[in-house]
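Here is a short briefing to read alongside the model. Have a look at the fold as you go through the points below.

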Amino acid sequence: MNYTYIVKCSDGSLYTGWTNDIEKRMKAHNEGKGAKYTKSRRPVELIYYEEFQTKEEAMSREYAIKHMTRKQKELLVKERKSD
């Protein structure tokens, strides 16, 4: 399984990424071994994710989410929580 995810950083910013092992990726982010962006913004909290069959689908969705405004991302998270 492949995942596109959003984490909330300690400074309140949002980071979007993709992975094929979400638990391992969250651990890496919080150990400072994830993305350069999250390294100085730890700890991070997983607030949203979607599952995909292929890496290409996850990467495509990551690209789409990264081009959303913060407000659009917050709405996406809120809508998922209300499901």
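Helices (H or I, at least four residues) and strands (E, at least two) are DSSP runs, numbered from the N terminus. By that rule, the protein chain has 4 helices and 3 strands, and from the N terminus on they run β-β-α-α-β-α-α. Please keep in mind that this is a predicted model: local features need pLDDT of at least 70, side-chain atom pairs count only at pLDDT 80 or more, and totals for chains, interfaces and linings use all residues. Residues are numbered from 1 along each chain as its sequence is written, and side-chain values use heavy atoms, with hydrogens and water left out.

**Overall shape**
- The radius of gyration (taken over C-alpha atoms) of the protein chain is 12 Å, which agrees with the value near 12 Å for a compact globule of 83 residues, by the rule of 2.2 Å times the number of residues to the power 0.38.
- Along the principal axes, the C-alpha atoms fill a box of roughly 30 × 25 × 25 Å.
- Of the 83 residues, 37% are buried; buried means under 20% relative accessible area, exposed over 50%, and partly exposed in between (1.4 Å probe, protein chains only).

**Aromatic pairs**
- The structure holds 3 aromatic pairs, meaning rings of Phe, Tyr and Trp (its six-membered ring) with centres within 6.5 Å; planes under 30 degrees apart count as stacked, over 60 as edge-to-face and the rest as tilted.
- Tyrosine 3 and tyrosine 49 have ring centres 6.0 Å apart and planes at 70 degrees, so their pair is edge-to-face.
- Tyrosine 3 lies in strand β1 (residues 2-8) and tyrosine 49 in strand β3 (residues 45-52), so this pair ties together parts 46 residues apart in sequence.
- Tyrosine 3 counts as buried at 15% relative accessibility, whereas tyrosine 49 is partly exposed at 37%.
- Tyrosine 5 and tyrosine 15 form a tilted pair, 6.5 Å centre to centre with 50 degrees between the planes.
- Tyrosine 5 sits in strand β1 and tyrosine 15 in strand β2 (residues 14-19), 10 residues apart.
- Tyr5, Tyr15 and Tyr37 form one aromatic cluster.

**Nonpolar core**
- The largest nonpolar core has 9 residues, including Tyr3, Tyr5, Tyr15, Ile22 and Ala35; such a core is a set of buried Ala, Val, Leu, Ile, Met, Phe, Trp, Tyr and Cys residues joined through side-chain atoms within 4.5 Å.
- β1 and α1 (22-30) each supply at least two residues of this core, and the largest share, 3 residues, comes from β1.
- Apart from this core lies another, of 7 residues, among them Ile47, Tyr48, Leu76 and Val77.
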